[in-house]
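Let's take a walk through this one, starting where the chains meet and then moving on to a few local details. Keep the viewer open as you read.

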Amino acid sequence: MRMLWNEVKKIFMWKMMLLLLFINSILYFLLIEFHIDSFPNGSGLYSYNVGVEMVDKYGATMDEEEFIDFKKMYEAKVEETNRYLQSREDFVAEGIDTYDKFTAYDWWNPSQEARALRDDVFLGNKIDLFWELQERHGLIEFHNRRKRVPDVLSDKERQRFEQLIEEEKFGVYTDLVIQNFKSFIANVGVAILFSVVLVISSTIIKDRSRGLLLLQYTSKKGRNLFKTKLLAGYIATFIIITSLLAVYFSVYSLNRTSMFFKVRVNTFIANESWFDPTFFQFIMICVAAIYLIGFIFATLSMVFSSRVPNMVSLIGIQIPFVVGFLIFGLNPLLPNMILIWTPKWLAPMSYGLMILLSALIVIFLWKREKKMDILQ
Amino acid sequence: MLVVKDASKRYGDFTALQQINLEFNTGLYGLLAPNGAGKTTLIKMLATLITPSEGEIQYNGKNILEMDEQYRELLGFLPQQFGYYKNFSPKQYMLYLAALKGIGKKEALHKINELLDKVALSDVVNKKMKKFSGGMIQRVGIAQALLNDPKILILDEPTAGLDPKERARFRHLLTELARDRLVIISTHIVSDIESIANEVIMIKNKQLLYKDSVEEICATLNGNVFETTIDFESLKAFRKKFVLLSEKQEYGKIIVRFIHKGVPEVEWISVPPQLEDVFLYEYRDEIEGEV
């Protein structure tokens, strides 16, 4: 235990921690801040408010009766808007005294007065009713098209769509919340990936390049220290991921999306998925995926750290792997891993393969280390 | 007893050591050879850092690689160059190594103070090692090798960076240590071991050349080492003709020490051979003179 503690302490040197803080601050402001500060963004506020109201009133699912109630709410709001329009002489003068007339107006060729009035309710006086009605109307439109199956689909995707329709799992809630979370978690994934690679990369190479192996491997502990170093690397990875997730999820809590936690992912609009966890379960799946990605890249970093001659080559050799993963792997293996547009087998197969390869590489490395001549 | 049995080491086509056979008991052994002769390879094989390509090394009849930590527990090792953490103090560094050697913290702290005192570093116990001179680092290295009170102490070029006073202190320390353990010192500096080694091992052409006492090794040149005084003008021709061991200027002339295996000239004075004479003779490079 003393050795393990020593090795973990060596990884968490204060200089490295400062660098970690610096990198995460930059990545936070570049990638994550927008998804926290600007949520809900613009008209998204009305979408969010309507969504919260729906969850409060109808719970995690909506049946037909509840949707009829939702439509009644819409109609009540339309009535309220009608009264507002009729109270405005300028709208009446323009012949727009009901919301139906407002929506039916030819807004492609508006009169100067009509355009001014529209700008006034949407931008000038910013009348909430008009924004809110748009959102409610959009949700009703989605609901009306709920049983439509897209034309271009693979057999499996079509089967899944049909299964969801049969089980009456329709997208009724605004996708704003889940899309915001997906953007957030993808960027948190990037920050954590960089952090793990940054900290873990130097775990093994430092002692090797300083010539410490000569003393370490001739001590009683001997080459078994390599296994302790690997274990320390994994413990450090766990600590880094857990700490960063704790920080980033504390920040995410400012988005106040917890009321959607019990909503199932297929109940969010345009989020048809192979499985049907709740939003909270989906968050947990993403957290688990981040741990897996972290451990896999920690293994990769330690592999390179025990092979390459110096830090420059260590950084250089990892860039294609990290960049390649960010371009091709991050979205299908993290935020969209259960989405219907990602093959169902892709995430389990990829993670399974990566875990297997990591385990094989670690076994190979240990066997090699046990017999390797230490020449430095 | 440590035994090297028919040990060879090859790196691809290059042979570093060939068919080495040695036996070590309690006492001090000096491994003497010029740089690049294979001393470090042999030392690293004894320290389990390198596996012999052929043959094996046994301790009390057991293969040291199979003994694993049982062997390393008995081992104290100082490499030619060793790594350290610059921001560690000698105390922190030795505590780290003590943990690797399986020594409890309490016991280690006591031992560390004692050893740092022995190598005259007791006043810098808590200073960061990045501020240390080469000699001070080397003394930390010597101290760490003694942490586990080893039965086998292997030191590769231990006096590198030490000043004459430190060397003398170090020789005393080694003599003391070699009383009840096996000490192997690899060096190319003859004076490091000449006066203290029970036996000297010399390697030449990747093979064992000598393993004997200093007296016996010197005896191989008995009657062949001479001194004479010559003019400066004759020096060049003398160098070509004989294996010169040393040259010393005195009263405008040169006193030369050299080896000659034939009939000596009258004015030459026969002198008792020293270990350095054997070293220079055996490892002479491109000396064209006759012997």
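Where chain B and chain A meet, 32 residues of chain B are in contact with 27 residues of chain A. Bear in mind that this is a predicted model. The size of an interface is often given as the accessible area lost when the parts come together. For chain B and chain A, the two bury about 2,500 Å² between them, and 57% of that is on carbon and sulfur atoms.

Now for the polar side of the interface. Between chain B and chain A there are 21 residue pairs in polar contact, counting pairs with both residues at pLDDT 80 or more. Two salt bridges also run between chain B and chain A. To look at a salt bridge up close, pick Lys220(A) and Glu73(B), whose side chains meet at 3.5 Å, N to O.

Which elements of chain B supply the side that touches chain A? Strand S1 (2-11), helix H3 (69-72), strand S6 (75-78) and helix H4 (90-100) of chain B each bring at least two residues to it. H4(B) gives the most, with seven residues. Sorted by class, this side of chain B has 18 nonpolar, seven polar and seven charged residues.

Over all chains, the salt bridge count comes to 30. Side chains of opposite charge can pair when their charged atoms come close. Within chain A, Lys77(A) and Glu132(A) form a salt bridge, with their closest N and O atoms 3.4 Å apart. Lys77(A) sits in helix H4 (residues 64-87) of chain A and Glu132(A) in helix H8 (residues 128-144) of chain A, so this pair ties together parts that are 55 residues apart in sequence.

Met311(A), Ile315(A), Ile319(A), Val323(A), Ile327(A) and Phe328(A) make up a nonpolar surface patch of about 610 Å². One of them, Ile315(A), is found in helix H14 (residues 311-333) of chain A.

Last stop: the backbone. Most residues other than glycine have a negative phi, and most peptide bonds are trans. Phe39(A) and Pro40(A), though, are joined by a cis peptide bond, with omega about -10°. Pro40(A) lies in the loop between helix H2 (14-37) and helix H3 (44-58) of chain A. Over in chain B, Thr48(B) has a positive phi, near 65°, and is not a glycine. You'll find Thr48(B) in the loop between helix H1 (39-46) and strand S4 (54-59) of chain B.

Definitions and conventions:
Residues are numbered from 1 along each chain as its sequence is written. Chains are lettered from A and ligands numbered from 1 in the order in which they are written. This is a predicted model: local features need pLDDT of at least 70, side-chain atom pairs count only at pLDDT 80 or more; totals for chains, interfaces and linings use all residues. Side-chain values use heavy atoms; hydrogens and water are left out. Contact means heavy atoms within 4.5 Å. Buried area is the accessible area (1.4 Å probe) that two parts lose on being put together, summed over both. A salt bridge is a side-chain nitrogen of Lys or Arg within 4 Å of a carboxyl oxygen of Asp or Glu. A polar contact is a pair of N or O atoms within 3.5 Å; within protein, one must be able to donate a hydrogen and the other to accept it, and residues adjacent in sequence count only if both atoms are side-chain atoms. Helices (H or I, at least four residues) and strands (E, at least two) are DSSP runs, numbered from the N terminus. Ala, Val, Leu, Ile, Met, Phe, Trp, Tyr, Cys and Pro count as nonpolar, Asp, Glu, Lys and Arg as charged, and the others, Gly among them, as polar. Patches are made of residues with over 30% relative accessible area and no salt bridge: like charges are joined within 9 Å, nonpolar side chains (Val, Leu, Ile, Met, Phe, Trp, Tyr) within 5 Å. Accessible areas come from the Shrake-Rupley method with a 1.4 Å probe; for residues, only the protein chains shown count as cover.
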